[in-house]
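Let's walk through this structure together, one piece at a time. Have the viewer open and follow along.

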Amino acid sequence: MDNVLKNKNMLIKILKFFMSLRTAIWLIMALLCLLFYGAVVMPVYEEFQSLHAVPLFQWMTENSPGLTWWLWAAIGVISLLTANTLLCSIESVFKKKSARQWLLVISPQVVHIGFLFMLLAHLISGYSGFRGIAVVYENSGLRLPNGNEVLFKKIDADMDPRGYMRDWSADIEYYKDGRFFRADRIRPNNPSLQDDLGVYIKNVQFQPYPAAMIEVSREPGAAWALIGSILFMAGMIILLMFKIKKEEVMGNG
Amino acid sequence: MLTALAVLSTALYVFGYYRMPFVYGGFVLQVAYMIMRGIELGRLPLVGPHDTLFFLSTSFMLFAIPVSFGLKNRQRFLNSATAMTVFFMLASMLAKPWSHPLPPILKTFWFEVHVALSFFSYALFGLAAILGALYLTDREEETESLQYKMILVGYFFFSVAMIFGGIWGFYAWGTYWLWTPKELWTVILWLFYSLYLHARLRQWWAGRPAAVLGIIGFAVVLFTYLGVSLLMKSSHSF
């Protein structure tokens, strides 16, 4: 009986710890310190240059803990912050469900949910993203990780009279099992998205042959990040309207 | 012609210490400078230290003038905002203007909104730092409350700028996130103001500590904008 009571008390203590705003503040401070350390060491070590080329978790397991410990620690703190955010939001909604300005109560929670979706996006991309770079020539092909083949038909560029490149592009064709199924044109800021993979044109050159630097990328967290962003912005807009009004009322009072 | 406009604008701001309407005149000339520079380039002047410093300087006044109405410390607030505006305008004049055509990767709506909103948020954080400093001397509740509102709006702009930057990154580079020092500092800045907004809800942090946090925040802004862009290699290097 004593043990049950002890466990119950322990559970309540843990819950209270996670539902505390003070915990959130300490966790944010810890995260700030870790990221600050990361921002200082990142330009110093060459290994961080390859962080773009592979998914985050793959990079972290391939490099020494001496380099990656702050990222592991940051993920640990973010996990605690996630639990804290969830519990604080649930508690806040239940505590203030009868409040008159319900939108003011709910808007910070929508912001929090948006934030959590963005964390989820990073988690998914960090595990199963893909990036690959290749140089291709006109009429050459590239096999993609999803089994599709891309044929680069024509590589083109638009120069201004001073010799600056205004634009560049490549006409591409998709094939599956040797059969054509789609044609597209890729340009800067205008990739070709097909079957969860994006084909991006990074640069072109025409001497000695027309060639393009191509990046193939899979960002499985992108849709979650977009959902999170929309929720975050919607929550912030409502929060702004109500908070500023509330501050004015308090100021007048 | 453009340099003359900037010099005249600076002169009017200096006269603004004696007569307020001169400040409005200085601001009008700054806007005229930006319009003319935009026409000359055929695009928004938002690339390189010269144009971005000038844009930041103009943004200070864009927000400082409307916010100052009804403020008890109006003259002191506007004097400080003017000093900040002139400082950044002179700094922009020291930097060589970048007048080349835009690389294709920068020719997108997402880039323009990403940069413009970032600098609007930096300006709001700068004004919030001024209000924090004023609060430390006058202890007027109104000043601290206004600092909070500026940071809240700045935080919104900054968050939207980050989101739009992510959307642009996805279309340009195939990822909404790049692991460079600039991106890391951007997150540090965003987290710092998240800390401010959460801390201010607690009794212990309200008032003086929150005001000090708002001042420190602008130092982080300056390093994120100028320090990282000038000293470190990233997608945002000048």
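Which are the buried residues of H4(A)? They are Leu71(A), Val77(A), Leu81(A), Asn84(A), Thr85(A) and Cys88(A), where buried stands for 20 or more other C-beta atoms within 10 Å of a residue's own, exposed for 12 or fewer and partly exposed for anything in between, with C-beta atoms placed from the backbone. Before going on, please note that this is a predicted model, in which local features need pLDDT of at least 70, side-chain atom pairs count only at pLDDT 80 or more, and totals for chains, interfaces and linings use all residues. Residues are numbered from 1 along each chain as its sequence is written, while chains are lettered from A and ligands numbered from 1 in the order in which they are written.

Helix H4 of chain A covers residues 65–95; helices (H or I, at least four residues) and strands (E, at least two) are DSSP runs numbered from the N terminus. The expected span of a helix is 1.5 Å times one less than its number of residues.

Leu123(A) is found in helix H5 (residues 102–128) and counts as partly exposed because it has 18 C-beta neighbours inside 10 Å. Leu15(A), in helix H1 of chain A, is exposed, with 12 other C-beta atoms within 10 Å. From Leu15(A) to Lys246(A) the C-alpha distance is 30 Å, with the two 231 residues apart along the chain.

Now to the place where the chains meet. The contact takes 44 residues from chain A and 42 residues from chain B. On the side of chain A, H2(A) gives the largest share, 12 residues. By class, this side of chain A has 27 nonpolar, eight polar and nine charged residues; Ala, Val, Leu, Ile, Met, Phe, Trp, Tyr, Cys and Pro count as nonpolar, Asp, Glu, Lys and Arg as charged, and the others, Gly among them, as polar.

In chain B, helix H4 (residues 74–94) has 21 residues and reaches 30 Å from first C-alpha to last, close to the 30 Å expected. Its buried residues include Phe77(B), Met84(B) and Phe88(B), and the buried residues of H4(B) pack against H1, H2, H3 and H5 of chain B.

Two of those partners also meet each other. The axes of H3(B) and H5(B) come within 8 Å and cross at roughly 55 degrees, where axes are lines fitted to C-alpha atoms, for helices over the stretch in contact, and angles run from 0 to 180 degrees between N-to-C directions. That makes H3(B) oblique to H5(B); angles under 35 degrees count as roughly parallel, over 145 as roughly antiparallel, 65 to 115 as roughly perpendicular and the rest as oblique. The residues of this contact divide into 12 nonpolar, three polar and no charged.

Key:
Contact = placed C-beta atoms within 7 Å.
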